[in-house]
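User: Can you take me through this one? I'd like to go feature by feature.

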Amino acid sequence: MSKRRLSAVLTALALGSTVPVLLPATDASAASCSSYPTWVAGRSYKTGDIVRYSDGKAYVAEHDNPGYDPVVSTWYWDPYACDSGSGTPVGTFVVSEAQFNQMFPNRNSFYTYSGLTAALSAYPAFANTGSDTVRKQEAAAFLANVNHETGGLVYVVEQNTANYPHYCDWGRPYGCPAGQAAYYGRGPIQLSWNFNYKAAGDALGIDLLDNPWLVQNDAAVAWKTALWYWNTQTGPGSMTPHNAMVNGAGFGQTIRSINGSLECDGKNPAQVQSRVDAYQRFTQILGTSPGGNLSC
């Protein structure tokens with residue numbers, strides 16, 4: 001069984017629940033560039049590490065590497081927006097709480113804005129790479145795809161409980177310690193299968209293999225799993241959705257990476273258009289242009 005997530009199937013089966021509204025909000029701001037450790041050639045770095053280069057600018061590791069030069073090895077490193085000393089914290093999340101509320105007026109209150117901003121530290125390059133336009137476009141692209149996957153941030157878990165036992169691959173050496181039926185779709189991308197829970201948990205430093213219920217009970221964890229997929233997985237595509245947006249490939253390539261095998265190349269144009277419509281709406285809310293290559 002492929003590791004690629006068949007999100008369209010899971011989306012159609014998702015179910016949201018109603019809980020009291022709780023929306024404490026805090027913005028996630030980047031620290032001063034000078035607060036990050038100086039890059040050292042030959043020192044091992046992990047994905048997400050942030051360093052200060054000799055030019056005074058900060059860079060974030062997009063992939064584990066043995067100390068490659070951030071300016072030369074651009075596949076391994078991305079520029080990281082931080083306060084360069086001008087007094088303007090350019091690392092602040094580009095989507096305000098008011099804009100988030102405008103995007104998702106009917107969302108399940110599980111999906112809090114504070115949960116999203118708390119999750120940003122897991123992947124600091126997300127919506128924080130490149131120009132202001134690129135940062136807003138990436139945030140809009142992520143939220144537009146999440147919007148489609150969850151019916152407007154309504155669905156938290158998969159609806160069709162008959163599918164639940166199917167998401168356990170006993171061929172993996174770690175098996176399914178939480179139970180045969182424990183790895184159903186949850187969260188903004190409807191994370192499913194034991195191997196995806198393990199991979200996401202390993203990347204995030206959270207034991208999701210033994211406790212997959214964290215994805216439906218902890219908003220920050222749920223958002224982190226979505227950011228894990230967005231920033232590290234290519235799915236049916238050839239690049240991560242993050243790289244598609246920061247490298248100018250366009251919104252259409254994020255669709256391909258998330259659900260291209262079921263939607264792209266004319267397979268399901270209505271689903272593709274639904275994602276595009278949301279992206280165009282969200283970029284308008286953020287006051288930026290959608291760019292080109294919107295479809296797949």
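User: What does helix α9 span between its end C-alpha atoms?
Analyst: This is a predicted model, and in it α9, residues 251-263, spans only 14 Å between its end C-alpha atoms. A straight helix of 13 residues would span 18 Å at 1.5 Å a residue.

User: Where is the kink in α9 centred?
Analyst: On Ser 257, with an angle of about 75°.

User: And how many of the residues of α9 are buried?
Analyst: 10 of the 13 are buried, so α9 is largely enclosed by the rest of the structure. Ser 257, where the kink is centred, is one of the buried residues. Others in that list include Phe 251, Gly 252, Arg 256 and Glu 263.

User: Switching to cysteines. How many disulfides does the structure hold?
Analyst: Two. One joins Cys 168 to Cys 176, with an S to S distance of 1.9 Å. The other is formed by Cys 264 and Cys 296, whose sulfur atoms are 1.9 Å apart.

User: Take Cys 168 and Cys 176. Is their link right-handed or left-handed?
Analyst: Right-handed, with 110° about the S-S bond.

User: And are Cys 168 and Cys 176 buried or exposed?
Analyst: The cut-off for buried is under 20% relative accessible area. Cys 168 has 9% relative accessibility, so Cys 168 counts as buried. Cys 176 has a relative accessible area of 5%, so Cys 176 is buried as well.

User: What about the handedness of the link between Cys 264 and Cys 296?
Analyst: That link is left-handed, with -85° about the S-S bond. The pair connects distant parts of the chain, 32 residues apart. Cys 264 sits in the loop between α9 and α10 (269-286), while Cys 296 is in the segment after α10.

User: Are Cys 264 and Cys 296 buried or exposed?
Analyst: Both are buried.

User: Different topic. Which residue does UniProt list for "active site"?
Analyst: Glu 149, and the listing comes from an unreviewed entry. The annotation may be inferred rather than shown by experiment.

User: Where does Glu 149 lie?
Analyst: In helix α4, which covers residues 132-150.

User: Why does Glu 149 count as buried?
Analyst: Because its relative accessibility is 1%, and buried means under 20%.

Terms used. Residues are numbered from 1 along each chain as its sequence is written. This is a predicted model: local features need pLDDT of at least 70, side-chain atom pairs count only at pLDDT 80 or more; totals for chains, interfaces and linings use all residues. Side-chain values use heavy atoms; hydrogens and water are left out. Helices (H or I, at least four residues) and strands (E, at least two) are DSSP runs, numbered from the N terminus. The expected span of a helix is 1.5 Å times one less than its number of residues. The bend at a residue is the angle between axes fitted to the seven residues ending there and the seven starting there. Buried means under 20% relative accessible area, exposed over 50%, partly exposed in between (1.4 Å probe, protein chains only). A disulfide is a pair of cysteine sulfur atoms within 2.5 Å.
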